[in-house]
Amino acid sequence: LLNLEEQEAQGLLPVDVRALARAFPVLRRVPAIVNARRREAGSESKDPHELRRRAFKALREVFARLASQRPLVLFIDDLQWGDADSAPLLMGLFEMPAPPLLFVGTYRSEEVKESELLQALLQEGSVFASPEMVQLTVSRLPLIEAKYLADGLLRACNTDLSSAETIARESHGNPYFIHELVRFAHDEQLAGREAPKAGEMSLGDVIYDRIHALSR
């Protein structure tokens, strides 16, 4: 919405802009929403449950209008950190007829039992437990694929490729760790030090380096 001309953005706004902006204050950065709120008259409901119901309905309307104009992907990372209040919002968005969008959500499977949001979303009968939702398990990368990723990232930042094997093994197949270890190797090279050789780089080195940098 921020990247659109104000007139185009106004055409995508729901009727109940005030409730939407109050429930999601970040949307007040959008000029079209700010100006629409100023033009609306009347008092807002003080009932939090009514306000939430109206805001959820308005957000669904925004997604539907966006999806009618262009392909729309809704991506939410770390769903395990969501609270129980977020469950009605997400489930309400996908009640039939749902807006034509692709939803991608990620979460840590080991935290399902402790997460109120995941417990609600994945319970029997939920739209998120229906056949339309495809669940993909993302496991650690095999060593050969981890090395391939490390090699590609090292090439991308013009860093010595000799540490690819070490990075692949030290990461235990975690792509995030591979990225951070490559960044560490790149920083070492920029500092004029030799690229870490086999057995000379660890996640502990990366963590120590980051903590040490905070005190500078």
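At what angle do α8 and α9 pack, and how far apart are their axes? In this predicted model, α8 and α9 pack at an angle of about 140°, and their axes lie 9 Å apart. Angles over 145° count as roughly antiparallel and those under 35° as roughly parallel; α8 and α9 are therefore oblique to each other. The crossing of α8 past α9 is right-handed. On the α8 side the contact is formed by Ile167, Glu170 and Ser171, and on the α9 side by Phe177, Ile178, Leu181 and Val182. By class, these residues comprise 5 nonpolar, 1 polar and 1 charged.

**Helix α7 against α8**

Helix α8 (residues 164–171) also meets helix α7 (residues 143–156), with the two axes coming within 8 Å and crossing at roughly 130°. The relation between α7 and α8 is therefore oblique, and their crossing is right-handed. From α7, the residues in contact are Leu143, Ala146, Lys147, Ala150, Asp151 and Leu154, while α8 supplies Ala164, Glu165, Ile167, Ala168, Arg169 and Ser171. This contact has 7 nonpolar, 1 polar and 4 charged residues. Ile167 and Ser171 of α8 take part in the contact with α7, and Ile167 and Ser171 also belong to the contact with α9.

**Helix α9 against α10**

Helix α10 (residues 203–214) and α9 have axes that come within 10 Å and cross at roughly 65°. Here α9 passes α10 in a left-handed crossing. The α9 residues involved are Phe177, Glu180, Leu181, Arg183 and Phe184, and their partners on α10 are Leu203, Asp205, Val206, Asp209 and Arg210. The contact divides into 5 nonpolar and 5 charged residues, with no polar ones. Phe177 and Leu181 of α9 contribute to this contact, and Phe177 and Leu181 likewise contribute to the contact with α8.

| Helix pair | Axis separation | Angle | Handedness |
|---|---|---|---|
| α7 and α8 | within 8 Å | roughly 130° | right-handed |
| α8 and α9 | 9 Å | about 140° | right-handed |
| α9 and α10 | within 10 Å | roughly 65° | left-handed |

**The largest pocket**

The largest pocket holds about 1400 Å³ of space. It is lined by 37 residues, of which Gly105, Thr106, Tyr107, Leu136 and Val138 are the closest to its centre. At least two lining residues each come from β2 (102–105), α6 (116–121) and α9 (175–190). Strand β2 gives the largest share, 4 residues.

How values were computed. Residues are numbered from 1 along each chain as its sequence is written. This is a predicted model: local features need pLDDT of at least 70, side-chain atom pairs count only at pLDDT 80 or more; totals for chains, interfaces and linings use all residues. Side-chain values use heavy atoms; hydrogens and water are left out. Axes are lines fitted to C-alpha atoms, for helices over the stretch in contact, and angles run from 0 to 180 degrees between N-to-C directions. Angles under 35 degrees count as roughly parallel, over 145 as roughly antiparallel, 65 to 115 as roughly perpendicular and the rest as oblique. A crossing is left-handed if the near helix is turned anticlockwise from the far one by less than a right angle, and right-handed if clockwise. Contact means heavy atoms within 4.5 Å. Ala, Val, Leu, Ile, Met, Phe, Trp, Tyr, Cys and Pro count as nonpolar, Asp, Glu, Lys and Arg as charged, and the others, Gly among them, as polar. On a 1 Å grid over the protein atoms alone, a cavity is a set of points where a 1.4 Å probe fits but cannot get out, and a pocket is an open set with protein on both sides within 12 Å along at least five of seven lines; lining residues have an atom within 4 Å of a point. Grid points are joined across faces, edges and corners, and a volume is the space filled by probe spheres set on the points.
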